[in-house]
Amino acid sequence: EFNQPTITALDVSDVSADFIADPFIISHNSKFYMFFEVLNRLKARGEIGLATSSDGENWGYEKIILREDYHLSYPHVVTFNNEFYMIPESVESNGVYLYKAKNFPYEWEKVRTMVEGYYFDASVFEYDRKWWMLVASPGKLHLYYSDRLDGQWQEHPKSPVIENNHEISRPAGRVILSNDKLFRFTQDNSNYYGKSVKSFEINELSVTNYKEEEQKVILEGSNNENDWRKDGMHHIDQLKISNDEWLIAVDGHTFLQEN
């Protein structure tokens, strides 16, 4: 049960933040790193912030580690060939870009364009000796694949795998493999942005086919007055620590403020 938020916009110390959102976590050398969107109030633009933790429970805000002259959010972090990479959402610049850590976790450089176009919330994962990307455009969910994270990306023949549906098309966090099953998570934006998160099991994934099955709503607003997630939850990230232990980060909001 989520009682109190671990970190809020009030913890951001180097810029004035309207809200924070879209947490992604990664571990390195027995330490946990959380990257997330910080909405810079003065610039009215998303930037990528960092918090760190030694135990996964107590987090300390560090600083903004990535900013561009356009909005950034959804800082999806992954490892590939023992290097750290990030794919932040950069829809305002009309592309999906791959960043590589020059000095993890503080310095990042853009190394290539993965996909050109007006895309939200790219979620990448490795499966069956290939890399896959689920990424949204308004009402649609697109699928791409590549032999390498930093290679050429090709759109899947079944893409877009969802069309004309704002309820299940926009990614809501990392795709995970659990007990040999693949799960993706999606924002339900049917009534309003950030209402809830649903899970889907990906039953079939190859370069020729894609099939999935809706599971259930896993996160939603509490409807409790004065609760930090009263009006909705729209993101989940899950880091496997051991065979039966996961570290999970979520976000939630009210229409007065977002945490």
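## Pockets and aromatic contacts in a predicted model

S1, strand S5 (73–80), strand S9 (120–127), strand S14 (176–178) and strand S18 (236–242) each contribute at least two residues to the lining of the second largest pocket. Strands here are DSSP runs (E, at least two residues), numbered from the N terminus. The model is predicted, so local features need pLDDT of at least 70 and side-chain atom pairs count only at pLDDT 80 or more, while totals for chains, interfaces and linings use all residues. Residues are numbered from 1 along each chain as its sequence is written, and side-chain values use heavy atoms, with hydrogens and water left out.

A pocket is an open set of points on a 1 Å grid over the protein atoms alone, where a 1.4 Å probe fits, with protein on both sides within 12 Å along at least five of seven lines; lining residues have an atom within 4 Å of a point. A volume is the space filled by probe spheres set on the points, which are joined across faces, edges and corners. In the table, Ala, Val, Leu, Ile, Met, Phe, Trp, Tyr, Cys and Pro count as nonpolar, Asp, Glu, Lys and Arg as charged, and the others, Gly among them, as polar.

| Pocket | Volume | Lining by class |
|---|---|---|
| Largest pocket | About 570 Å³ | 18 nonpolar, five polar, four charged residues |
| Second largest pocket | About 430 Å³ | 13 nonpolar, two polar, three charged residues |

The largest pocket holds about 570 Å³ of space. Its lining has 27 residues, and Thr6, Gly56, Trp59, Ile248 and Ala249 are the closest to its centre. Strand S1 (17–28), strand S2 (31–40) and strand S19 (245–250) each supply at least two residues of this lining, and S19 gives the largest share, six residues. Around the second largest pocket there are 18 lining residues, with Val78, Phe125, Glu126, Arg174 and Val175 nearest its centre.

Ser16 is placed in the segment before S1. Ser16 is partly exposed at 30% relative accessibility, where buried means under 20% relative accessible area, exposed over 50% and partly exposed in between (1.4 Å probe, protein chains only). Apart from neighbours within four places in sequence, Ser16 contacts Leu39, Asn40, Arg41 and Leu42; contact means heavy atoms within 4.5 Å. From Ser16 to Val78 the C-alpha to C-alpha distance is 28 Å, at a sequence separation of 62 residues.

Twelve aromatic pairs are found in the whole structure. Rings of Phe, Tyr and Trp (its six-membered ring) pair if their centres lie within 6.5 Å; planes under 30 degrees apart count as stacked, over 60 as edge-to-face and the rest as tilted. Phe84 and Phe104 are stacked, 3.8 Å centre to centre with 20° between the planes. Phe84 lies in strand S6 (residues 83–89) and Phe104 in the loop between strand S7 (95–103) and strand S8 (107–116), so this pair ties together parts 20 residues apart in sequence. Phe84 is buried at a relative accessible area of 11%, and Phe104 is buried at 17%. The ring centres of Phe104 and Trp108 are 6.1 Å apart and their planes stand at 70°, so that pair is edge-to-face. Trp108 is buried at 9% relative accessibility. Ring pairs join Tyr33, Phe35, Phe84, Phe104 and Trp108 into a cluster.

Conventions. Helix = DSSP H or I, 4+ residues; strand = E, 2+ residues; numbered from the N terminus.
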